[in-house]
Amino acid sequence: MGEAQSTNLVTRYAVGLMSGTSVDGIDAAVVRITGAVGTRPEVQLLGFENTPFSTQVRDEIFTLFDVKKATLDRVGRLNVWLGELFAEAALSVIAKSGLAPGDISHIGSHGQTLYHHPTDEIIGGYALRYTAQIGEGSIIAARTGITCVSDFRPADMAVGGQGAPLVPFTEHLLYGEEKRTLLLQNIGGIGNMTVLPAGSPPEDVFAFDTGPGNMLIDGLVTHMSGGKSKMDAGGAIASQGHPNERLLDLLMQEPYYSQSSPKSTGRELFGSAYIARLLAHQQEYNLSDEDLVATVTMLTARSISEAYRKYVQERYPADMLIVGGGGSYNPVLLRYLQADLEPLGVQVLTQEQLGLSSDAKEAVAFALLADYTLVRRPNNLPAATGASRPVIMGKISYPF
């Protein structure tokens with residue numbers, strides 16, 4: 001297939017590709033979408049794979065997070081290199097699903113974020129917002145023979161949005177209920193919350209980044225292990241420590257937590273410089289590695305629960321918080337979340353407990369977002385991003 005017109009079919013197959021702020025690898029999902037664009041679709045996950053980045057690729061991505069090292073030649077080269085890797089991931093998951101590339105209507109690829117500046121910077125009298133996601137869509141299209149939609153964020157930012165979060169548009173389509181208010185909390189590198197008020201139209205849905213997800217935990221573990229471990233698998237380290245309340249109180253004074261939504265954040269705030277400050281606090285408070293990791297794990301949970309208290313509870317008392325992303329596999333983090341939220345009447349469950357997939361959720365979202373792009377239908381949610389109006393996000397690369 002590979003043509004835009006294919007998304008008018010009642011049933012079509014699509015691929016979603018995602019690499020997040022944790023830089024774990026490429027998430028690739030194959031879905032069957034039933035229903036016309038603009039209606040509430042039925043989406044079935046047919047296949048999912050995570051392809052870890054090699055050490056060489058991961059190191060290059062982290063190097064280019066440093067703007068002083070992100071020279072034009074290195075960014076350009078990595079853009080094409082990741083395009084090749086994303087294409088391979090797409091072809092692999094298609095084969096795993098028992099399909100052929102010719103069966104696939106389209107690919108939606110978020111790419112890999114190198115830099116994101118979602119607020120106005122005044123230059124020459126212009127209020128500039130800018131972002132950089134790489135993983136060349138034209139390479140993906142050429143290698144797979146499938147139309148690829150990529151680079152979603154700039155269209156939203158061009159009309160005053162933050163270019164994030166983008167997934168709430170699809171969450172409203174897939175999760176909204178008439179009688180229950182649901183919170184969807186993704187915990188990837190960054191945490192983000194989508195609020196789905198009971199029976200709400202799209203304009204009532206709102207979302208924002210709550211703060212760090214796994215990013216700080218991963219950064220500390222990588223440092224403490226000398227690079228041998230990239231994450232606190234199963235919360236094993238945090239489970240041996242105790243959160244330091246004094247340090248937690250200090251960390252919760254971060255101004256980002258008091259900003260009103262819409263708001264988004266990333267590695268620019270919670271990256272290597274923040275890790276360095278945490279390590280300095282470790283010495284200052286005389287904390288073991290286990291206690292520091294436990295404290296930062298509690299920080300992720302507390303930033304989520306405080307976001308609910310400050311910005312959601314009074315308007316939309318929620319029935320349930322559904323946790324997805326890598327953080328949903330950390331039982332210590334989940335326990336901290338339950339301790340904070342369940343006394344407020346909010347049940348905390350994971351995507352898996354509902355029979356869904358935490359790993360595939362965001363990749364599925366980009367398959368759906370691309371579905372709208374190709375039939376020229378708006379696919380941002382201004383209430384979530386702060387955009388002045390709905391726009392059609394995504395740039396289309398055709399294979400021929």
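1. Let's start with the sheet: five strands form an open sheet with mixed pairing, in the order E9-E8-E7-E10-E11. Strand E9 (206–212) and strand E11 (347–350) are the edges, each pairing on one side only. From one strand to the next, the twist averages 20°. On terms, strands (E, at least two residues) and helices (H or I, at least four) are DSSP runs numbered from the N terminus, and two strands pair if DSSP finds at least two bridges between them.

2. Before going on, some ground rules. This is a predicted model, where local features need pLDDT of at least 70, side-chain atom pairs count only at pLDDT 80 or more, and totals for chains, interfaces and linings use all residues. Residues are numbered from 1 along each chain as its sequence is written, and side-chain values use heavy atoms, with hydrogens and water left out.

3. Back to the E9 side of the sheet. Strand E8 (residues 190–196) runs antiparallel to E9, and six bridges join the two. One to look up is Ile 190, whose bridge partner in E9 is Pro 212. Helix H5 (residues 168–175) packs on the sheet, where it touches strand E7 (182–187), E8 and E9. The direction of H5 makes about 45° with that of E8; axes here are lines fitted to C-alpha atoms, for helices over the stretch in contact, and angles run from 0 to 180 degrees between N-to-C directions. Contact means heavy atoms within 4.5 Å.

4. Val 195 counts as buried because its relative accessibility is 0%, the classes being buried under 20% relative accessible area, exposed over 50% and partly exposed in between (1.4 Å probe, protein chains only). Leaving aside residues up to four places away in sequence, Val 195 touches Leu 182, Leu 183, Val 205, Phe 206, Val 312 and Tyr 316.

5. Now the annotated site. UniProt, in an unreviewed entry, places the feature "binding site" at Gly 20, Thr 21, Ser 22, Val 23, Asp 24, Gly 25, Ile 26 and Asp 27. From this set, Gly 20, Thr 21, Ser 22, Val 23, Asp 24, Gly 25 and Asp 27 belong to the lining of the largest pocket. A caveat: UniProt positions follow the numbering used here, feature names are shortened, and annotations may be inferred rather than shown by experiment. As for the pocket, on a 1 Å grid over the protein atoms alone, it is an open set of points with protein on both sides within 12 Å along at least five of seven lines, whereas a cavity is a set where a 1.4 Å probe fits but cannot get out; lining residues have an atom within 4 Å of a point.

6. Is Ile 26 buried or exposed? Ile 26, found in strand E2 (residues 25–34), is buried because its relative accessible area is 2%. Beyond four places in sequence, the contacts of Ile 26 include Leu 17, Met 18, Phe 53, Leu 85, Phe 86 and Ala 89. Asp 27 lies in strand E2 too, and Asp 27 also counts as buried, at 19% relative accessibility. With the sequence neighbours again left out, Asp 27 touches residues including Phe 48, Glu 49, Asn 50, Asp 359 and Ala 363.

7. Some backbone geometry to check. Most residues other than glycine have a negative phi, and most peptide bonds are trans. The peptide bond from Ala 164 to Pro 165 is cis, with omega near -10°, and Pro 165 sits in the loop between helix H4 (153–158) and H5. Another cis peptide bond joins Ser 261 and Pro 262, with omega about 5°. Arg 376, not a glycine, has a positive phi of about 60°. Arg 376 lies in the loop between helix H12 (361–374) and helix H13 (382–385) and counts as exposed, because its relative accessibility is 70%.

8. Finally, the whole chain. The protein chain has 13 helices and 12 strands. Its radius of gyration is 20 Å, close to the 21 Å that the globule rule gives for 400 residues, so the chain is as compact as a globular protein of that length. That radius is taken over C-alpha atoms, and the rule is 2.2 Å times the number of residues to the power 0.38. Of the 400 residues, 55% count as buried.
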